[in-house]
Amino acid sequence: MPARLEPVLQYRAKMGREYQRRMLLSRELQAAAGELRNIGQDVAETCRKVEQTVARLREQRRVPQNPDVLPAGRLAQLVAHDLRSPLVELAQLIDWLRTDDPTALKPQAKSALRMAAGLLADLEGETQRLSDFAGQCIQGDQVGLVDMNAVLAAAKEAVSDEIVAHQAKVSIRRLPSVWGQAKKLETVFQQLLSNACRFQTPGVRPRIHVAGMHLRETVRIIVSDNGIGVPAKDQERIFRMYAHASNVGTSRGPGMGLAIARRVVERHGGRMSVESIPETTPGASFYVDLPATYRPWTY
């Protein structure tokens with residue numbers, strides 16, 4: 001072999017080895033790319049399934065199981081919204097009748113207007129409570145161990161104007177803690193305290209007593225008063241929407257408060273009932289049974 005060809009042959013041999021190395025590396029890269037594509041497809045499929053699961057869970061939370069029934073919070077929001085406009089118009093009409101020409105009104109008409117204004121104020125208060133309840137349902141509230149002493153103190157403060165107006169005496173004993181949502185439970189006891197102030201025998205100063213006790217895994221909160229009581233035939237009906245006890249006369253709101261309160265308690269996994277014998281003993285006792293420890297429920 002001529003000496004001048006040796007470098008060329010060496011170069012060709014070197015290039016051949018380099019070509020083989022590159023081909024081997026190329027095949028390895030192609031195999032790795034195939035593996036990456038497979039992994040990418042697996043990740044994409046997993047992400048798609050996760051997105052479908054999340055969407056399904058969101059839909060289940062957003063839409064009730066029965067499509068004909070709205071969630072409690074949304075229903076309360078719609079009702080409160082629809083009530084506000086006619087209430088404002090009614091209030092303006094009453095003010096106009098009172099101030100346009102007071103001398104033109106007969107005593108009976110003036111008395112009727114005062115009664116209408118009182119009923120309107122009650123309805124406005126109920127509507128505001130309904131709106132507050134809707135906001136709490138929609139916004140949500142932290143679930144955990146609830147200090148019922150703080151809940152009753154807040155409820156008492158919320159209805160302090162009614163307590164002062166009726167010169168009610170409210171006593172609250174030390175209460176056990178329960179498992180639930182503080183803001184929602186506050187609306188329950190606002191309603192009970194407000195009712196105890198309003199549904200009272202004329203000339204009798206309201207006396208309201210709140211106490212609590214442990215019943216195994218349940219805490220019972222008892223709200224007792226010396227008011228007009230609830231007849232036996234009405235003791236289940238008063239917890240229905242738009243229902244009233246037969247002995248309340250004209251001192252009535254729209255009849256939504258106790259229905260909403262019971263719904264909140266039942267959503268906590270609890271129970272709400274009333275005990276009263278107005279024929280023999282004045283007043284009523286409302287029992288609110290709530291879980292003392294964690295119990296799953298859905299809001």
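Strand S6 (residues 271-275) and strand S7 are joined by 5 bridges and run antiparallel. Strands here are DSSP runs of E with at least two residues, helices are runs of H or I with at least four, and both are numbered from the N terminus. Two strands pair if DSSP finds at least two bridges between them.

This is a predicted model, where local features need pLDDT of at least 70 and side-chain atom pairs count only at pLDDT 80 or more, while totals for chains, interfaces and linings use all residues. Residues are numbered from 1 along each chain as its sequence is written, and side-chain values use heavy atoms, leaving out hydrogens and water.

**Strand S7**

S7 also pairs with strand S5, and the two run antiparallel.

| Strand joined to S7 | Bridges | A bridge partner pair |
|---|---|---|
| S5 (residues 218-225) | 7 bridges | Ser224 and Ser285 |
| S6 (residues 271-275) | 5 bridges | Arg271 and Asp289 |

Ser285, Tyr287, Asp289 and Pro291 point one way. Phe286, Val288 and Leu290 point the other way.

**Helix H4**

Which residues of H4 (residues 148-158) are buried? They are Met148, Asn149, Val151, Leu152 and Ala155. Seen down the helix axis, they fall within an arc of 160°, so they line one face of H4. The arc is that of the directions from the axis to the C-beta atoms.

These buried residues pack against several elements, among them strand S1 (143-146), helix H6 (182-198) and S5. Contact means heavy atoms within 4.5 Å. At the start of H4, a side-chain oxygen of Asp147 comes within 3.0 Å of the backbone nitrogen of Asn149.

Note on methods. Buried < 20%, exposed > 50% of the residue type's maximum accessible area, 1.4 Å probe, protein only. Polar contact = N/O pair within 3.5 Å; in protein donor to acceptor, adjacent residues only side chain to side chain.
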